[in-house]
Amino acid sequence: MNEEYDVIVLGTGLTECILSGIMSVKGKKVLHMDRNSYYGGESASITPLEDLYKRFSLPGNPPESMGKGRDWNVDLIPKFLMANGQLVRMLLITQVTRYLDFKVIEGSFVYKAGKIYKVPSTETEALASNLMGLFEKRRFRKFLVFVANFDENDPKTLEGVDPKKTTMRDVYKKFDLGQDVIDFTGHALALYRTDEYLDQPCHESINRIKLYSESLARYGKSPYLYPLYGLGELPQGFARLSAIYGGTYMLNKPIEEIVIEDGKVVGVKSEGEIARCKQLICDPSYVSDRVTKVGQVIRLICILNHPIKNTSDANSCQIIIPQNQVNRKSDIYVCMISFAHNVAAQGKYIAIVSTTVETSDPEKEIKPALDLLEPIEQKFVSISDQYAPTDLGSESQIFISRSYDATTHFETTCDDIKDIYKRMIGTEFDFAEMERKKTDIFGDVDQ
């Protein structure tokens with residue numbers, strides 16, 4: 001403990017574990033500590049089921065109908081991986097895929113007027129979708145062709161659109177797309193949480209839609225992957241990576257003080273000893289005086305004994321309820337996994353609803369999603385504060401992650417990881433090295 005390290009990491013959430021692994025691979029001497037006795041922090045998977053009941057202060061033990069407690073691995077933060085997304089690329093560049101097995105999520109759906117529909121993201125699906133009328137299908141099909149061919153470096157593909165100046169609102173107008181189509185395109189394909197993107201330059205939105213389509217093209221069922229045995233496997237995988245490259249891990253380690261000298265971090269005190277460091281990474285819970293509250297997220301874990309209606313009896317799926325469909329400012333998300341992913345007892349399903357809190361009655365806000373899940377065997381409700389760092393860490397060399405948002409994908413988490421990396425190292429996170437790796441995650445995916 002009384003040693004000098006390049007980097008000390010506090011907390012074993014996914015963000016912290018990925019950065020710990022990356023820093024170890026880069027040759028940094030890393031000490032990784034957590035006050036908890038388990039990996040994952042706020043993004044842990046809870047097992048057995050009895051521990052979930054205790055965590056949410058529910059009286060008694062789970063009923064026998066829930067099966068064996070050890071059959072359950074319940075995520076506290078619901079997220080899926082985009083098959084062509086940033087987290088998969090990080091898994092590849094670090095070769096953490098060797099520790100994990102994945103399964104394809106069976107469907108992606110969007111909510112309209114109280115019903116759910118499969119998200120159309122290809123020309124064929126657009127023409128077959130019940131979401132749109134005949135003429136709108138044709139216009140949407142032309143839009144998808146435009147997106148597929150779009151190349152910022154090839155003027156012939158732009159059709160008069162300036163990627164850096166034309167807003168996404170104007171692109172929708174160009175193809176004469178109606179509000180319902182705009183809703184599912186922006187929120188179920190581009191995966192925006194609000195409509196603020198409409199008045200921003202269109203290039204990012206178009207790239208997001210391309211990412212969705214390219215991820216979907218891997219399998220055809222959905223663009224999403226999920227690790228067997230739960231998301232808690234991800235931070236553990238990166239923890240193993242760090243250990244292989246010489247990183248030191250200490251769980252169940254109380255943090256007494258972050259030692260600062262002349263405004264800069266120099267170490268961490270635990271159980272009377274000080275481990276010295278040049279840089280510190282941590283989640284917001286370790287530095288309450290250096291973060292600010294930016295909102296709240298409600299998450300409701302629901303145990304079901306049936307698949308969600310109108311999903312073709314899928315064992316897993318995502319449902320997005322666009323904000324405009326329920327008169328809100330932000331979307332509502334539902335992600336469902338099941339016994340097929342080794343996270344629940346045989347015949348059981350776990351559906352997790354999440355959204356950004358907007359009123360004083362958060363549970364009422366998610367009622368449209370709960371109505372889709374009925375009947376529900378058991379519910380576990382949590383309302384979490386969201387925090388963001390108040391400074392960039394350039395002077396203190398303390399780099400703080402952001403709280404997990406309500407989305408059911410990891411793209412925003414990966415943006416945070418890349419941002420912290422750039423502030424620590426001084427250069428952009430380089431995916432080019434990953435492209436030279438021969439390891440391929442898709443050989444390990446069970447469809």
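Close-up 1. Cys17 is in no disulfide, and the nearest cysteine sulfur, in Cys282, is 14 Å away. Cys17 is buried at a relative accessible area of 0%, where buried means under 20%, exposed over 50% and partly exposed in between, with a 1.4 Å probe and protein chains only. For Cys302, the closest cysteine sulfur is that of Cys335, 11 Å away and therefore too far for a bond. Cys302 is also buried, with a relative accessible area of 0%.

Residues are numbered from 1 along each chain as its sequence is written. The model is predicted, so local features need pLDDT of at least 70 and side-chain atom pairs count only at pLDDT 80 or more, while totals for chains, interfaces and linings use all residues; side-chain values use heavy atoms, with hydrogens and water left out.

**Close-up 2. Packing of helix α1 on helix α9.** The axes of α1 (residues 14-25) and α9 (residues 233-244) come within 8 Å and cross at roughly 20 degrees. Axes are lines fitted to C-alpha atoms, for helices over the stretch in contact, with angles from 0 to 180 degrees between N-to-C directions. Helices (H or I, at least four residues) and strands (E, at least two) are DSSP runs numbered from the N terminus. The two helices α1 and α9 are therefore roughly parallel, a term for angles under 35 degrees. The crossing of α1 past α9 is left-handed, meaning that the near helix is turned anticlockwise from the far one by less than a right angle. Residues of α1 in the contact include Cys17, Ile18 and Val25, and those of α9 include Leu234, Phe238 and Leu241; contact means heavy atoms within 4.5 Å. The contact residues comprise eight nonpolar, four polar and no charged. Ala, Val, Leu, Ile, Met, Phe, Trp, Tyr, Cys and Pro count as nonpolar, Asp, Glu, Lys and Arg as charged, and the others, Gly among them, as polar.

Close-up 3. The Thr47 to Pro48 bond is cis, with omega near -5 degrees, and Pro48 sits in the loop between β3 (45-46) and α2 (49-55). Glu374 and Pro375 are also joined by a cis peptide bond, with omega about -5 degrees. Pro375 belongs to the loop between α11 (367-373) and β18 (378-389).

**Close-up 4. Positive phi at Ser57 and Ala113.** Ser57, not a glycine, has a positive phi of about 55 degrees and is exposed, at 64% relative accessible area. Ala113 has phi near 55 degrees and lies in the loop between β7 (108-112) and β8 (115-118).

Note on methods:
Angles under 35 degrees count as roughly parallel, over 145 as roughly antiparallel, 65 to 115 as roughly perpendicular and the rest as oblique. A disulfide is a pair of cysteine sulfur atoms within 2.5 Å.
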